[in-house]
Amino acid sequence: MFRKGVDKVSHGDRAGVCVTQFDPSLLERGLVCAPNSTPTVFAVIVDLNGIPYFKGEIRSKSKFHISLGHETVMARVTLFSASSGDQREFAFEKEYKFEESYSKEDVGNPKFILLEFEKAVPVVPGCIVIGSKLDTDINANICRLAFHGRVQWSTTDKEYLKNDLQNLKVYKDKCKEGVVERASNEYEVIVKDLVKKETNFDLFTGLKVELSTGELGTIEGSFGQSGKLKVRIMTGLKPETFAKVGGGKKKKGETPAAAPSDPVKLNLKFKRYVFDEKKKMIQS
C-alpha cells in the first residue's frame with residue numbers, strides 16, 4: 001500500500017523499492033529478480049510461429065526487431081527446420097535443414113529461428129519472443145508483427161559462434177557436377193570440371209558419387225596436375241556407358257575426339273553445416 005511496508009508483492013502489483021546510496025539517473029529501466037534467474041544472453045533459438053497477417057518476408061540473414069521481457073533489440077535471424085516431423089523440441093543432438101525463408105503454406109516439419117542480438121539482453125528462460133518490423137511506415141495499413149515463439153535455448157557466452165554454434169547441425173544440401181572425360185577401364189573413370197586444380201584433393205578422397213547413367217562410385221584421388229579426379233566404379237561400368245566414354249588413354253599426337261553432345265556427367269552430393277568453420281563435406 002502507499003507509504004506502508006508490505007511483506008511481498010506479486011504479478012500486477014505496483015511497489016516502490018528503496019535502494020540506498022543509488023543515483024536514479026543512472027537507471028532508465030531495470031528488472032527485480034532472483035539471482036541467476038534472468039541471464040544476460042547474446043543469442044537465442046526460438047520455435048517459429050508465423051503471424052498470418054504479416055505480408056512481408058521472413059528470410060535468413062535479415063534483421064528484425066525482437067521484443068522479449070522488457071527489451072526490444074535488433075537481431076539477425078537464421079531459419080531452419082527439423083529433418084523429421086516429430087522434432088517439436090530443439091536439441092543440439094538433432095540435425096536441422098537450413099531454410100532461406102519462412103513460408104506460411106509450409107505446415108509440415110517444425111521450424112526454428114536463431115536470433116543473434118546486436119547487444120546482450122536479459123532473458124527469462126522459456127519466455128515469449130515477438131519479432132516485428134517496427135521500421136515499417138506507421139501510416140501504412142499493414143501488420144508489422146512477423147512471428148512469435150518461446151525461447152528453446154540461449155547462451156551467455158560472448159564467443160557463442162565458436163563455442164556453441166559450432167555444435168549446431170544446421171545443414172545445406174550441396175551438389176557439384178563434373179564430366180567423365182574417359183574410362184581407364186571398366187572400373188575406373190577420369191573426371192574433369194568437378195574441382196579446380198588448386199583444390200585440396202584430400203578433402204574429396206573417399207566421397208561417394210553417381211554417374212548420370214546410374215553407376216555409383218568413390219573418389220580415389222587426383223589425376224595429373226590439371227584438376228582431374230580418379231573415380232572407382234565399384235560394380236563396373238555398364239557396357240553402353242563404357243562404349244560411350246571410351247577406354248584407354250589417347251596416344252601422343254592423336255587428335256582428340258569431339259566431345260559428345262550428351263556427355264556422361266558425375267554428381268557429388270553432400271551436406272555442409274552452416275556454422276562449421278572447416279566447411280567439411282558430410283555424406284550419410
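**Strand β10 and its surroundings**

Biologist: How many bridges join strand β9 to β10?
Modeller: Strands here are DSSP runs of E with at least two residues, numbered from the N terminus, and two strands pair if DSSP finds at least two bridges between them. β9 covers residues 169-185 and runs antiparallel to β10. The number of bridges joining β9 to β10 is 5.

Biologist: What pLDDT do local features need in this model?
Modeller: Residues are numbered from 1 along each chain as its sequence is written, and side-chain values use heavy atoms, with hydrogens and water left out. The model is predicted: totals for chains, interfaces and linings use all residues, side-chain atom pairs count only at pLDDT 80 or more, and local features need a pLDDT of at least 70.

Biologist: Which residue in β10 stands opposite asparagine 185?
Modeller: β9 and β10 form a hairpin, with 2 residues between them. The residue in β10 opposite asparagine 185 is glutamate 188.

Biologist: Which residue of β13 is the bridge partner of valine 191?
Modeller: β10 is also joined to strand β13 (residues 228-233), by 4 bridges, and the two run antiparallel. In β13, the partner of valine 191 is leucine 229.

Biologist: How many residues of β10 are buried?
Modeller: Buried means under 20% relative accessible area, exposed over 50%, and partly exposed in between (1.4 Å probe, protein chains only). β10 is largely enclosed by the rest of the structure, because its buried residues number 4 of the 5.

Biologist: What is the phi of aspartate 193?
Modeller: Most residues other than glycine have a negative phi. Aspartate 193 lies in the loop between β10 (188-192) and β11 (208-211), and is exposed at a relative accessible area of 54%. Its phi is positive, near 65°.

Biologist: What relative accessibility does asparagine 36 have?
Modeller: Asparagine 36 is not a glycine, yet has a positive phi of about 70°. This residue lies in the segment before β1 (40-47). Asparagine 36 counts as exposed because its relative accessibility is 80%.

Biologist: Which residues line the largest cavity?
Modeller: A cavity is a set of points on a 1 Å grid over the protein atoms alone where a 1.4 Å probe fits but cannot get out; lining residues have an atom within 4 Å of a point. A search of the whole structure finds 1 cavity of 30 Å³ or more. The lining of the largest cavity consists of Leu48, Leu79, Glu99, Ser101, Tyr102 and Lys111.

How values were computed: 1 Å grid on protein atoms, 1.4 Å probe; cavity = no way out; pocket = protein on both sides within 12 Å on 5 of 7 lines; lining within 4 Å. Points joined across faces, edges and corners; volume = space filled by probe spheres on them.
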